[in-house]
Number of protein chains: 2
Amino acid sequence: MARIVMKFGGTSMAGIERIRRVAQLVKRQADAGHEVAVVVSAMAGETDRLVNFCREASSLYDPAEYDVVVASGEQVTSGLLAIALQSIGAKARSWLGWQLPVRTIEAHSKARIEEIESDALISAMQSGEIAIIPGFQGLSDDGRVATLGRGGSDTSAVAVAAAVKADRCDIYTDVDGVYTTDPRIVAKARKLKQLTFEEMLELASVGAKVLQTRSVGLAMKENVRIQVLSSFTGDDAPPADSLPGTLIVSDDEVEESEMERQLISGIAYDKNEAKITLTRVPDKPGAVAAIFIPLADAAINVDMIIQNVGRDKGETDVTFTVPQADLPRALDLLDQAQDEIGYNRLIPDTNVAKISVVGVGMRSHAGVASTMFSALADRGVNIQAITTSEIKVSVLIEEDYTELAVRVLHTAYGLDAED
Amino acid sequence: MARIVMKFGGTSMAGIERIRRVAQLVKRQADAGHEVAVVVSAMAGETDRLVNFCREASSLYDPAEYDVVVASGEQVTSGLLAIALQSIGAKARSWLGWQLPVRTIEAHSKARIEEIESDALISAMQSGEIAIIPGFQGLSDDGRVATLGRGGSDTSAVAVAAAVKADRCDIYTDVDGVYTTDPRIVAKARKLKQLTFEEMLELASVGAKVLQTRSVGLAMKENVRIQVLSSFTGDDAPPADSLPGTLIVSDDEVEESEMERQLISGIAYDKNEAKITLTRVPDKPGAVAAIFIPLADAAINVDMIIQNVGRDKGETDVTFTVPQADLPRALDLLDQAQDEIGYNRLIPDTNVAKISVVGVGMRSHAGVASTMFSALADRGVNIQAITTSEIKVSVLIEEDYTELAVRVLHTAYGLDAED
């Protein structure tokens, strides 16, 4: 018998038929003797509808009132799932954010969960009642409704799991797990049985959109085991106690099953970066700072940075990447600072992609980066920039080569599924 | 300067454009220096949508979870009206039912308001902030969301007005006041400047669907002055301090302006009654009780009752009316009780209408009933039954004569508007 938190996203909650299906999945866990809490999103499309109402009412809407409006979506699905569970003979009730309460801090519309009062929740669960909690929301310290920002329901689920000391937080989505790479690019992509929080953070932030990054960070901090799995598995759904999805766990837990480990867990890509090159920057103290301080002040996140060896004495080219959405602002700021920085030309390039190889295994194995570089070189893919971290190597390449590069690396690291 | 509660129904809140228009009406009152609280309904159609979700999820839904789902409609419009008011420069915030709280008692989905904690509300209003309160809902004594039953927002508005000791509760609807009768039947129907709570109760319960009956009863008990007026008056809306609608006030207040009083305030009609006649009921003690006790036990509301003089010695015919919706059940019960009652035949008739003449003035004037009977007789309208109260005379007639009877009486009591 375990204590499990189950989380269902908007696609799983879109309409009464799907909510009935969710009720069946939840009841199966309860019937197996587990204590169950469920965190739900609003019906797919509903949050957009409510956000648009707020925008129509005023382009500068009050975040506290926005929260009142938008939080209603999850309130509706919480009540409906309770009704659907009761109708198939399960004991269930909804607990709204202000009822537990789920205490939040910081600003309305982008609140963070500080604490969840879990006593009532735990005793309800221990009595065999399924607890249903609307995701994405809580009670602000001004006594009003607060929401966590888009996608916050994953974070709610992990926070509830931490508060009730759950054995596992099962995140049901429209995919059945985390894959070694995007299956739309590599047909032989494999579903991972498990990976670490750190690996998931690297894979999520560079393109594998399965879990909200914040929720993975919280799970790592609170050591909440997450399972990612699909709510659309048909009637041949696995029994309640199997782990059919991808388990995301701490480093320690992975260590214990080291034999199963791959060197590399996955290949990610990101086409949303833009490259900026400044030519003939004076090669003197303070020049590089003059470039990056105005960008940091404007909260523009600079990712990869390379400083080329100067062609002429006392001069150097500086290249770096920023999110494409921030490119116009970044160019504007650098243009204004041209005299101060003293560069010659400002060259933007959006025709780039970042390809990343991720795996905790690379900590103890040399040669991961060189395998990457030679595999790409063999197929004529030119590398424009490189960054590395303890568990990741990323390269910047021309965007047109993205799919080729992902496939080449997937094969090079032995990730292809066997037929 | 006054303290005013304004209430807007679902039609007035249907979409952002209309919410903007409501914001203008509210701001005009605030700009005139009044302290303002606003009670809102859900967008027209939204409550139906949410109720249908519950019904789809389970035909036997849990009323407590139904309340969680359905209360979200007013939560949304509360937040949106706050945003719309802020966008035109007014100070405003929403106060949800659980925040004040609006304490309710009795069952979920048909709760009654017990008490509204008004301290925070009053100090907000005194500071010049417009308080927006979702109608129809409150906090049950189990700490959960409770709703008041359909149409409960009128009642919420009156309860808020009583709690903050408002000078007036303005109910904005899609008509601009209470009329002497249905303007669709009598083109010369006049808008009433004022009438008493008792008159409004009689007019509402017999057909003039302007205000929820419960809210009028509460207003009478708490002595809350109500004004009924339209939220669709166009740009030529009256200034904030005029009273363009119909004022519903206590008897005492009307007495003071007696000169303006009409003998009769209005003519109402109701086509939703059904007549039942039992022939040849034994004229002995207990026979009538045997008819009405089973109906009362089944919560079927019997309205008009007439006992005809027996044709044969020791026998009598008994005729009475019930709501048409309850007719099948009533017939079934009476059929089962035939032996006990001892009647001969059971004759239902749905081809009837009740016409009522209402006015507090009839207390002090004789001849109201006789005017009614002779006016109807002159035009060949046969009266099947009569009931009277202190401020009302009602007759049952054949349904086809409804419009004729209403027009005849409207003229007979001098209610026709002058051209």
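This is a predicted model: local features need pLDDT of at least 70, side-chain atom pairs count only at pLDDT 80 or more; totals for chains, interfaces and linings use all residues.
## Basis of the model

Local features need pLDDT of at least 70, side-chain atom pairs count only at pLDDT 80 or more, and totals for chains, interfaces and linings use all residues. Residues are numbered from 1 along each chain as its sequence is written, chains are lettered from A and ligands numbered from 1 in the order in which they are written, and side-chain values use heavy atoms, with hydrogens and water left out.

## Salt bridges

The structure holds 38 salt bridges over all chains. A salt bridge here is a side-chain nitrogen of Lys or Arg within 4 Å of a carboxyl oxygen of Asp or Glu. One network of them links A:E46, A:R49, B:E46 and B:R49.

In chain B, B:E403 pairs with B:K271, with the closest N and O atoms 2.8 Å apart. This pair links distant parts of the chain, 132 residues apart. B:E403 sits in helix α14 (residues 402-412), and B:K271 in the loop between β13 (266-270) and β14 (273-282). Helices (H or I, at least four residues) and strands (E, at least two) are DSSP runs, numbered from the N terminus. Both partners are partly exposed: B:E403 has a relative accessible area of 24%, and B:K271 has 28%. The cut-offs are under 20% relative accessible area for buried, over 50% for exposed, and partly exposed in between (1.4 Å probe, protein chains only).

B:D349 and B:K275 also meet in a salt bridge, at 3.8 Å from N to O. B:D349 lies in strand β17 (residues 346-349) of chain B and B:K275 in strand β14 of chain B, so the pair ties together parts that are 74 residues apart in sequence. B:D349 is partly exposed at 24%, while B:K275 is buried at 14%. In chain A, the side chains of A:D326 and A:R329 form a salt bridge of 3.3 Å, N to O. A:D326 is buried at 16% relative accessible area; A:R329 is partly exposed at 42%.

## A buried arginine without a partner

A:R93 is found in strand β3 (residues 92-94) of chain A. A:R93 is buried yet has no salt bridge. The nearest side chain of opposite charge, A:E129, is 5.1 Å away. Lys and Arg count as positive and Asp and Glu as negative; His and the chain ends are not counted.

Contact means heavy atoms within 4.5 Å. Leaving aside neighbours within four places in sequence, A:R93 is in contact with residues of chain A including A:A82, A:Q99, A:E129 and A:I130. Chain B contributes B:E65 and B:R144 to the contacts of A:R93.

## Helix α10 and the ACT annotation

Helix α10 (residues 287-297) of chain A has these buried residues: A:A287, A:A290, A:I291, A:F292 and A:L295. Their cover includes β14 (273-282), β15 (305-307), β16 (315-323), α11 (327-336) and α12 (338-341) of chain A. A:A299, with a positive phi near 60°, follows α10(A).

An unreviewed UniProt entry carries the annotation "domain: ACT" for residues 276-348 and 357-419 of chain A. UniProt positions are given in the numbering used here, feature names are shortened, and annotations may be inferred rather than shown by experiment. Residues 357-419 of chain A are 35% helix and 22% strand, with the end C-alpha atoms 23 Å apart.

## Annotated binding site

For "binding site", UniProt (unreviewed entry) lists A:K7, A:F8, A:G9, A:G10, A:T173, A:D174, A:Y179, A:R184, A:K209 and A:V210. They span 204 residues in sequence, and the farthest two C-alpha atoms are 25.3 Å apart, so they do not all gather at one spot.

A:D174 lies in the loop between β9 (168-173) and β10 (194-196) of chain A. A:D174 is exposed at 52%. Beyond residues up to four places away in sequence, A:D174 touches A:T11 and A:F232. A:V210 is in the loop between α7 (197-205) and α8 (213-222) of chain A. A:V210 is buried at 19%. Its contacts, leaving aside neighbours within four places in sequence, include A:D154, A:T173 and A:V228.

## Hairpin and cysteines

Strands β19 (residues 385-389) and β20 (residues 392-398) of chain B run antiparallel, joined by five bridges. Two strands pair if DSSP finds at least two bridges between them. β19(B) and β20(B) form a hairpin with two residues between them. B:I386 has B:V395 as its bridge partner in β20(B).

Zero disulfides are found over all chains; a disulfide is a pair of cysteine sulfur atoms within 2.5 Å. A:C169 is buried at 0%, and B:C169 is buried at 0%.
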